[in-house]
Structure formats: structure tokens, C-alpha cells
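I want to see who pairs with whom and what is left over.

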Amino acid sequence: KFKIKMKIEKINNKNIFIFGLGISGMSLAKFLKNKVNNLFCWDDNLIIRKKGVKAGLNLKSVESLNFSSLDYLVLSPGINHRLKTPHLVVSEALKKKVKITTDLEFLKILKIKNFLIGVTGTNGKSTTTKFIEKSLMFSRSKCITFGNIGIPFGDVVSNLQKTDILLAEVSSFQLDKIINLKFDISILLNLSKDHIEWHGGWNEYLKSKFKIFENQDKNCFAIVCIDDKNSNELAKNFNKKYKSKLIKISIKRKLIDGIFLEEKENMLVIVNNLNKTKIFIEKHKLLFTKAHHNYQNLLATYASYFLLKKNNLSFLKSIYRLKNLEHRLELVIRVKNICVFNDSKSTNINAAKNAINSFQNIYWILGGRKKKDGINGIQNNLNKILKAFTFGEAGSEFNEFLKKKNVDSKKYKSLESALENALKEGFREKAEINILFSPACSSFDQFKNFEQRGRCFKKYLKKILKK
């Protein structure tokens, strides 16, 4: 077992305030409870505070805390510390120059030296993280996934062994709070406009994403997919700003100094020009949806495998076992002439465009609470849409937008009625139809989150098909 205790002793004299006792905050608090002399915790939710009392945590309200004595304020990832008028806990910490961070930073604070891989990007983070995890496990490497998905951080470090590879999916919210954390391999999949309101602007969003490279040294690696304009610009100037070794990957360009993927009729070919090798993949054996963004996720997985000096044959065997994550272009059912896909995780227009580009003959179901730019930018992808079915807060606006673009579109009261009508009309078609639920919106008008929205979509589907 990895001797965590030796590392913890060095923070006994630190004063730490954990604000927000959700899954990650509670996990960290329980781990640090007997290892830090001055650990204080709080949550604005009374029910959660009661859980904290049961866990034996030292609860201290923001108003009663002496911020002058604090070393670290640990915030839940979603709490915005960049607002002009932030939460009181943030403004007090800023006044007293307390370091504001997140639970991930404790890998550095506790001086844990396990090999660390970080995955970020606007879209595809979770799928890529899971692809890497599954493929490494197939090569008999123990890989522990945490961060945005997987095991809470406190639980990870409680059971860590020295040889375990740590794999973190990291959002812009988490990266924005990193201080000194260093990733041995950092992966950037893509960049497009999302969470701009939270960050206060596009440049601020980019800065948060680029923090994944900030603390790397010459022994670290940065995998960057250069298929979008913003990531390509980063790659062009990378060596001027960062110290790590850049590994460029692409599914669109042939790279003489990187790794790229070619799609043929029955095969995918990964071409690694860094070591002059090729991997031939039979498309019909793949269990995940054959879509461009999944190929990007696959290429990032291979690049990680390559940098970890794993066997190509082992990688090839592992990828035939990889599957889509739930709610991410998930094939739910094939029935008669129809395939139904649940892409509830598509919460912005770029994610929806990726999904649309993967198919022909699409019945597109979309709607919810729109992001800042709505579905502007979809114009060049509409030739694949046979019909559109809109719902939710943005339903009327999206319906009018699509009609003006000569798309056969109708607005419905609910997701269920939109799906029911899509199925009815789809069964009348002689051609094969792809019903694509890729909402291009957040779920918060009608659902708790995209997971609940996706589960409801599948429940509605089952109910309608029974009728």
C-alpha cells in the first residue's frame, strides 16, 4: 500500500475551510478530518449540514470564521469565484489573500506522486476518460478515475497504491481553481463556446482550459487535438508558452509530426508518425457509435496508450470492448426502419453538430433552456435533417429559426410528445431514419440535469413503443 500517512503529516499545521459539502467536498472533508488540526466545513444547505454533523465534521459558518488564519479555501467546482459580486465566502477569502482551490489540488498539497492524466475539452471529456480507463485496465494497469466522473477524490487517496495511474476528467470550473497541480499527461480534445457566462468571457474560458498545461515541465506531455481553430492556434504557439512536449493528434489532417486517423470504407487506420507505426481497426467490430467525435476520443486514448509505452496489440484488443457512455450518442434501440439515439449530454450547439455530422436522414429532437447563442451556427449542417421536433423553453424560438432555414419543423409541448410524433412519422418513411435526441440546450427548464433528461427520454420511448 502507498504510505499516504507520511505525506499527510506535512499539512497538520494547515488551516483549511471546505465550503460546499456535496459528494466531492464531503469526501475530502472525511479524509482530512483526522489529518489536519484545523479543518472547518460549511454548506448553505441545512440538510447537508446535518450530514456533516453526523460525519463528525467541525462546522463553522462563514460569518464566524477568522479568514486571516486560513491557508486554503476549498470550493465546490460550480461555485463561481470570478463574479464581480461573488459569494461572501469568496469575497472574504480574497480580502485576506487566502488561496482558493478545489479538491484536486490536494494531490499536490499532499505530495502524492502517482502518475496523473488529465482530460479536458468542451465536449467528449467523459467518453475519452472512460475509453482510457477501460483500455488501460485491459493492459493490466490499475487506473483510478476521478474528478468530474468516477470516485470522489477523498475516497481515491484513501485507498491509493503506489503503482496506480490516476485519471481525472477536469472541467473548466475545476481548472480555474488549480494552483500548482501538475498533470504528467494533459489532454485537450476541443474548444468551443460553452459556460461563457460563468467565466465572464471567451478569453477567460480559454485561460481556464489552458491551465491544464500551466504547471507541466519538460518531462510531461500535452496531447492536443488540432481539429478546431482554437486548439490549432494553441498548438502553433504551444512551445512559446509551455514546457511540456506537445503531441498533436487529428482526425482531419495528415500530420507528419503527430498522430492522425484515416477513415476508410471498412477500416480505421491510426497512423503514428512519431514512431512510424500503423494500427488497423475493423469498423464492424467497434461497439461504440461510429461518429467523428468518438474517433477523436479514440485517438486521444491511443495517444495516451502510446505515451505510457503500452503494447499496440493490447490496445487493439481493448478498443473492441469500448462502449458509448449513457446519454452520449447512445444507440437505444433499432426498430423496423428506425434507429433511436439518446444524446442528452449534448447541452450546446457544437455537441449537437458533432452528433448531426455522424448520420444521414435525421429526425432531430431538440430544445430545453438555450445557451447564449442558441442554435446559431447549425446552418451548414441542416442538409442532413429531414424533420425537426422542438420542445421546452427554446422550442418556439428554435422552431421559427429552423422554419426560416426551410427545415420541416414543428413545436411540441413536451419531450414525450415530440418523441411520439417523431416515431409516428418515422415509421411512415420507406428509408432508414435516425431519430436523434440531441437537444443543444441545458436541461434545467424541465429536468434536474442531462442524466435525468436522458433517462426520461428512454422511459418515454419504451412507453410509446408499447402503445
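This is a predicted model: local features need pLDDT of at least 70, side-chain atom pairs count only at pLDDT 80 or more; totals for chains, interfaces and linings use all residues.

I count a salt bridge when a side-chain nitrogen of Lys or Arg is within 4 Å of a carboxyl oxygen of Asp or Glu. By that rule Asp-257 and Lys-248 make one, at 3.0 Å from N to O. Asp-257 is partly exposed, at 41% relative accessible area.

I ran the search over the whole structure and got 19 salt bridges. Some share partners, and I found Glu-326, Glu-330 and Lys-458 joined that way into one network.

Next I went to helix 6. Glu-133 bridges to Lys-130, with the closest N and O atoms 2.9 Å apart. The two sit 3 residues apart in helix 6, so about one helical turn separates them. I have Glu-133 as buried at 9% and Lys-130 as partly exposed at 22%.

Lys-142 is in the loop between helix 6 and strand 6, Asp-164 in the loop between helix 7 and strand 7, so the bridge ties together parts 22 residues apart in sequence. Asp-164 is buried at 2%, while Lys-142 is partly exposed at 43%.

I also checked Lys-125, which lies in helix 6 and is buried at 11%. I noted its contacts, among them Glu-169, Ser-171 and Lys-209. Ser-171 is 46 residues away in sequence but 8.4 Å away in space, C-alpha to C-alpha.

Last, the surface: Lys-108, Lys-111, Lys-113 and Lys-162 form a positive patch. Lys-108 belongs to helix 5 and is partly exposed at 42%.

Conventions:
Residues are numbered from 1 along each chain as its sequence is written. Side-chain values use heavy atoms; hydrogens and water are left out. Patches are made of residues with over 30% relative accessible area and no salt bridge: like charges are joined within 9 Å, nonpolar side chains (Val, Leu, Ile, Met, Phe, Trp, Tyr) within 5 Å. Accessible areas come from the Shrake-Rupley method with a 1.4 Å probe; for residues, only the protein chains shown count as cover. Lys and Arg count as positive and Asp and Glu as negative; His and the chain ends are not counted. The place of a charge is taken as NZ of Lys, CZ of Arg, CG of Asp or CD of Glu. Helices (H or I, at least four residues) and strands (E, at least two) are DSSP runs, numbered from the N terminus. Buried means under 20% relative accessible area, exposed over 50%, partly exposed in between (1.4 Å probe, protein chains only). Contact means heavy atoms within 4.5 Å. Lists of a residue's contacts leave out its neighbours within four places in sequence.
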